[in-house]
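Hello,

Here is the structure we discussed, passed on for your own work. My notes on it follow below.

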Amino acid sequence: MLDCIPQFQTTLDCMSDNRQTTLNRLITGIHEAIALPSSAFELVQLVNSPEITPLELSDVIRQDPSLATKVLSRVNSSHYGLSHSITDLTHAINLLGLNEIRNLALTLGMGQQFSTPKKAGRFCRESLWHHSVMVACVAESLAAKVNHSNPEVFYTAGLLHDLGWILMDHYMPRPFQQTLALIKSGTRRELAEKRVFTIEHTLLGAALGEKWNLPEEVLCAMLYHHQPHSYEGPHQALVNAVSIANYFVDQHVLFSVGFSTAQFPGDDIFLTVGMDGQQSQTMIENLPNLLNRAEELSNTSSDPLPLN
C-alpha cells in the first residue's frame, strides 16, 4: 500500500500490527462501499488525452445532465461577462477551456458523493466540502508562483486533501464526532485521531486514493499537508502549496470541521512558493475572488459562504 512513496513505506513498516489491520479493514470496507464517480473521472481522463476535441467532449457531457447544466451555468456566469447566453455545449467547452472542464467534472463528481447536508454541533458537512473546493482554488492559484506546468494537479490535490475526514464523517460518524470533541477540548488533532481510529485522516484518505489510482503527487499532498516538513521528495512544491492553501482557507475563509485545525506551516514553507509577508497579504486580499470561483464550482448552495 502506497509503496510508491518510500517515506510512507517506512512509516507503514513502523506501524503496529493493530494500526495496519485497522487501516486495511477501513480501506477495504470503504472501497467496497464507494467507487470513483465513473462519469466524472472518465471525463477527467478524456480531457488529459491530447487527441480529444471539444465536440467529442460535448458528446460525453451530454450523457450527464448535471454536468451539462453545470458547464452551461459556469460559462453564463458573471465571471465571464458574456453579452449573450451560451446554449451550445461545444461552444461552452471552447470558451471555458479543458482545464476548467476538468475541474468542473471532478468537483461535481465528488460533490455528488460527499456533500449531502449534515450538521452536528459546529460541524457542517457542506462546510467541509466548501472548504475542500476553496483549498483547491487557492492551491491552483499557487501553481503559477512555482512555475508549475500542471496547475490542475494542484486543484485535484487541494480538492481531495481532506478526503480522509470526509470518509470518516460518512462511514464512521459517531467515532468522527468523538474525534472532533477531543480536538475541540484541546487534544492535538493527530493524537485525537489515533486515539479513536488508531490512524490519521491523512493516512486514510491517501490509502483510499491509491486504491483509486490517483497520481503519486496527489497522494503525497494528501498525506503531508499537515506536516510539509516531514516530506522529502520530488513533489515538495505541491505538498507545500496545499499546506499553505489549507492554512489560508482555515484561517481566513472557512473552517473544515467547525473550528480551526490547521497550524501555520512555517515561513520557510511560504518562501518555497515565493511568498513573503506582503505577498501573503495580497493573497488574503484576493481570497474573495477565489471564494466566488469556489462557489461556482462546488455545485452547492448559492448562498454566500461565511468568512471566519
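The crossing of helices α4 and α6 is right-handed. Please keep in mind throughout that this is a predicted model. Helix α4 covers residues 54–61 and helix α6 covers residues 89–96; their axes come within 8 Å and cross at roughly 120°. Because angles of 65 to 115 degrees count as roughly perpendicular and those over 145 as roughly antiparallel, α4 and α6 are oblique to each other. On the α4 side, the contact is made by P54, L55, L57, S58 and I61, which meet L89, T90, I93 and N94 of α6.

A second pair is formed by α10 (residues 163–171) and α11 (residues 173–184), with axes that come within 5 Å and cross at roughly 125°. That angle makes α10 and α11 oblique to each other as well. The residues of α10 in this contact are W165, M168, D169, H170 and Y171, and they meet P173, F176 and I183 in α11.

**The chain as a whole**

The secondary structure consists of 17 helices and two strands. The chain has 308 residues, and 52% of them are buried. If you take the contacts between residues at least 6 apart in sequence, 68% of these join residues at least 24 apart.

Searching the whole structure for disulfides gives zero. As for individual cysteines, C124 has a relative accessible area of 14% and is therefore buried, the cut-off being under 20%. C137 is buried too, with a relative accessible area of 2%.

**Helix α12**

How are the buried residues of α12 arranged around its axis? The helix runs over residues 189–197, and its buried residues are R189, E190, A192, E193 and F197. Viewed down the axis of α12, these residues fall within an arc of 160°, so they line one face of the helix. Just after α12 comes T198, which takes a positive phi of about 70°.

A294 is located in helix α17, which spans residues 277–298. Its relative accessibility is 1%, so A294 counts as buried. Leaving out residues up to four places away in sequence, A294 touches V133, M134 and C137. A294 and H131 are 163 residues apart in sequence, while their C-alpha atoms are 8.9 Å apart in space.

R102 sits in helix α7 (residues 98–114). Is R102 buried or exposed? With a relative accessibility of 6%, R102 counts as buried. Again leaving out residues up to four places away in sequence, R102 touches V44, V47, N48 and E152.

Q251 belongs to helix α15, residues 236–252. The relative accessible area of Q251 is 31%, so this residue is partly exposed. Q251 and F264 are 13 residues apart in sequence, with a C-alpha to C-alpha distance of 9.4 Å.

Regards

Key
Residues are numbered from 1 along each chain as its sequence is written. This is a predicted model: local features need pLDDT of at least 70, side-chain atom pairs count only at pLDDT 80 or more; totals for chains, interfaces and linings use all residues. Side-chain values use heavy atoms; hydrogens and water are left out. A disulfide is a pair of cysteine sulfur atoms within 2.5 Å. Buried means under 20% relative accessible area, exposed over 50%, partly exposed in between (1.4 Å probe, protein chains only). Helices (H or I, at least four residues) and strands (E, at least two) are DSSP runs, numbered from the N terminus. The arc is that of the directions from the helix axis to the C-beta atoms. Axes are lines fitted to C-alpha atoms, for helices over the stretch in contact, and angles run from 0 to 180 degrees between N-to-C directions. Angles under 35 degrees count as roughly parallel, over 145 as roughly antiparallel, 65 to 115 as roughly perpendicular and the rest as oblique. A crossing is left-handed if the near helix is turned anticlockwise from the far one by less than a right angle, and right-handed if clockwise. Contact means heavy atoms within 4.5 Å.
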